[in-house]
Amino acid sequence: MDALTVEDVHKVYGDREAVKGIDFSVRTGEIFGLIGPNGAGKTSTLRMMSTLLRITSGRITVCGHDVATESDEVRKIISYLPEDAGAYKDLTGRAYLKFMAGFFADGAEAEKMVAYGMEMADLGDRIDSKVDTYSKGMMRRLLIARAIMPAPKVAIMDEVTSGLDVINAFEIRKIIRKISEQGVTVIISSHNMFEVDMLCDRVAMINDGRTVLCGTPGELKERFNASNLEEVFVKAVKG
Amino acid sequence: MNHLLNIVRKELKELMTIGSFVSVLIMMFVFMGAGSMMGDQGESITSPSDIGFINGDGGLWADRTEEFLISIYVDTYGISEEEARGFVKVMDIPLDDGAAIVEGMRSLGLDAAIAVGPGYSSNLDNGIRAVISEYYIFTNPGLLGSAGSSITSLMIGEISDRISQALVSEIADPDLTPFLLSPIKGTDAHTYIDGELHSGVRPLDISMGVMNQTLMVPVVIMMVIMMIGSIVISSMGNEKENKTLETLLTMPVGRTVIVTGKILSAAIMGLVYGIMYMVGMMFYSKGMTDIGGLGGSSPADLGLALGPVDWLIVGTMVFLAIFCALGLCMILGAFAKNYKAAQTMTVPISVLAIIPMLLNMFASWGSLPTAIQIPLFIIPFTHPMMVMQNLMFGNTAVVLAGMAYLALFAMLTIFITVKVYKSDILLTGIGQTKLAKAFAGKRIR
């Protein structure tokens, strides 16, 4: 069964159509990459998947639940990590994880969830420091830990390694592979096509609000006789 | 290009938005309106009004006092003697019957009357200071309106001066100099209020006393509303800037719960701030009362004290007003894209809090014209600010209507907030709409 389906989705803001027809599906346990240039419609699509924005037309389902009509059910099984997200600056890392765990469980179960989150964040003693003292890499590790600690069925991450140094980006990708091995479906968006090539099982290329291509990185590279996804994208868009 | 000029141009371009100018314009109109209202009140004080004259003596000096009063109208207001006689209403009522005096004043539509009693003329003839009594019907016209009672006192002083001049020209006894300089004791004031005639007070004293007791609540409410408004709107701006709001909105929790949680926590903070300010203001008020002459009359001594039920009503009104303010702030905060934008969003809330507070300082609900009462009623913060005065003076219908309106307003704002939280506006702002493009984004060129 597909963990997520996106069928001819459109999104209009005022008089501007940001998403003009996007289709793809994501299989359970896959790491799926949504790639495209800035302004292609990736974030709008992820926000619609995450119940944050209303879908103008089309349909999105998560594990069989319609995002538009069963948003409460969808929120129980997804985790969304926005691009450049932050945490509440006056809280410590531990308090932030506790606050977030409180939405999913109580008592011992919540404690267990926080312990797992702390393990994933791997911040050592700094977990008890205030969030506003964290570096960008530490903040991202905390947020990823927050996103995966409630064991979501689908994790949606927008530009997850954007702005991180090589070491931190590497660590984050390791975490993503790990949770995928545990059965979590991961959807990431990125304009870094090399990262997606390394990480994703399948990708959908988006340009100007439309799906241009969909397939495994290997298939796409072979089809366009290209050495990397960036080349594939340029050939697909420019013909 | 000059570097300084380059920076100034860029900064001005950022700062000179239509939004910022609208905020300042609104404040300008508020102060203009308040000034105009005070001017109207001042004009009504300085224009001649009817006054009653009760002659309980029948002697020569009583008649001359009436003539002096008429001549004072002529000199003060520049009107003819005939016109002045029209303003001075002679009342034939026994001075020992306070109720009859009040009834007589009411029947003639008078707010003030002066009276001379038996022995008035003989006292003046015999070198004994005489008494002119003042009678007022308190109609709660606010501080400015009540200032009219001072004019009556000033008139009595002027009458005393004219009697003094007349006496000096007729009596030349150096032993009587103190009497000749001040032949009238004008300290016998009586004010009818809430069914009872109180001696020793004038309307201005009562207004000052009431204001001392009731000013605290509007000031505290204004400060609390401005403070929590700023906190809530800024917090929304921060949540958006840090994208914590996006994360929160994808949690498995209803939007109503998120909205209620935010409002409730801010309301608790508002109450804490309110109590702290109230304690501070109580000390301030006590200090003011302790300064002689500034305290006015105690409303409790005049039977205007608030009972436990009244205080419960005041508390409920304040709580509802805080809820209304928070609802409005949540709606405005939803449109703020970031912390900086949030700062300008607090202006409408501040304006809505300042308008009734300013009006409350100078006028009472009953003294305002309907054209001002209607917009004032619509502003939710008016009701808790004027509730104490309205309760003191028995305007129960206004209090109950205000409470019902506040409850409805609070529910409506929370309903709209939840709707906004369920819409795209929370994330996209109004920047994406045609209206916003036509207005909010435009800069002054």
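1. Arg94(A) and Asp128(A) form a salt bridge in this predicted model, with 2.7 Å between the closest N and O atoms. A salt bridge here is a side-chain nitrogen of Lys or Arg within 4 Å of a carboxyl oxygen of Asp or Glu. Arg94(A) belongs to helix H3 (residues 93-101) of chain A and Asp128(A) to the loop between helix H4 (107-121) and helix H5 (136-148), so the pair ties together parts 34 residues apart in sequence. Helices (H or I, at least four residues) and strands (E, at least two) are DSSP runs, numbered from the N terminus. Arg94(A) is partly exposed at 30% relative accessibility, and Asp128(A) is also partly exposed, at 43%. On that scale buried means under 20% relative accessible area, exposed over 50%, and partly exposed in between (1.4 Å probe, protein chains only).

2. On conventions: residues are numbered from 1 along each chain as its sequence is written, and chains are lettered from A and ligands numbered from 1 in the order in which they are written. As the model is predicted, local features need pLDDT of at least 70 and side-chain atom pairs count only at pLDDT 80 or more, while totals for chains, interfaces and linings use all residues; side-chain values use heavy atoms, with hydrogens and water left out.

3. A second salt bridge joins the side chains of Lys20(A) and Asp208(A), at 3.0 Å from N to O. Lys20(A) is in strand S2 (residues 16-27) of chain A and Asp208(A) in the loop between strand S9 (202-207) and strand S10 (210-215), so this pair ties together parts 188 residues apart in sequence. Lys20(A) is partly exposed at 23% relative accessibility; Asp208(A) is partly exposed at 41%. Asp208(A) also forms a salt bridge with Arg210(A), where the closest N and O atoms are 3.7 Å apart. Through shared partners, Lys20(A), Asp208(A) and Arg210(A) form one network. Over all chains the count is 22 salt bridges.

4. Which backbone nitrogens does the side chain of Asn228(A) reach? They are those of Glu230(A), at 3.1 Å, and Glu231(A), at 2.8 Å. A polar contact is a pair of N or O atoms within 3.5 Å; within protein, one must be able to donate a hydrogen and the other to accept it, and residues adjacent in sequence count only if both atoms are side-chain atoms. Asn228(A) lies in the loop between helix H8 (217-223) and helix H9 (229-238) of chain A and is buried, at 16% relative accessibility. Apart from neighbours within four places in sequence, Asn228(A) is in contact (heavy atoms within 4.5 Å) with Phe194(A), Asp197(A) and Lys221(A).

5. Asn126(B) sits in the loop between helix H6 (120-125) and strand S4 (130-137) of chain B. Is Asn126(B) buried or exposed? At 57% relative accessibility, Asn126(B) is exposed. A polar atom of the Asn126(B) side chain lies 2.8 Å from the backbone oxygen of Ser122(B).

6. Helix H1 (residues 42-49) of chain A is mostly covered, with 7 of its 8 residues buried. After H1(A) comes Thr51(A), with a positive phi near 70 degrees.

7. Helix H3 (residues 60-77) of chain B has 18 residues and spans 26 Å from its first C-alpha to its last, close to the 26 Å expected. The expected span is 1.5 Å times one less than the number of residues. Among the buried residues of H3(B) are Trp61(B), Phe68(B), Tyr73(B) and Glu66(B).

8. Taken as a whole, chain B has 20 helices and 6 strands. Of its 445 residues, 46% are buried. Among contacts in chain B with a separation of 6 or more, 75% are between residues 24 or more positions apart.
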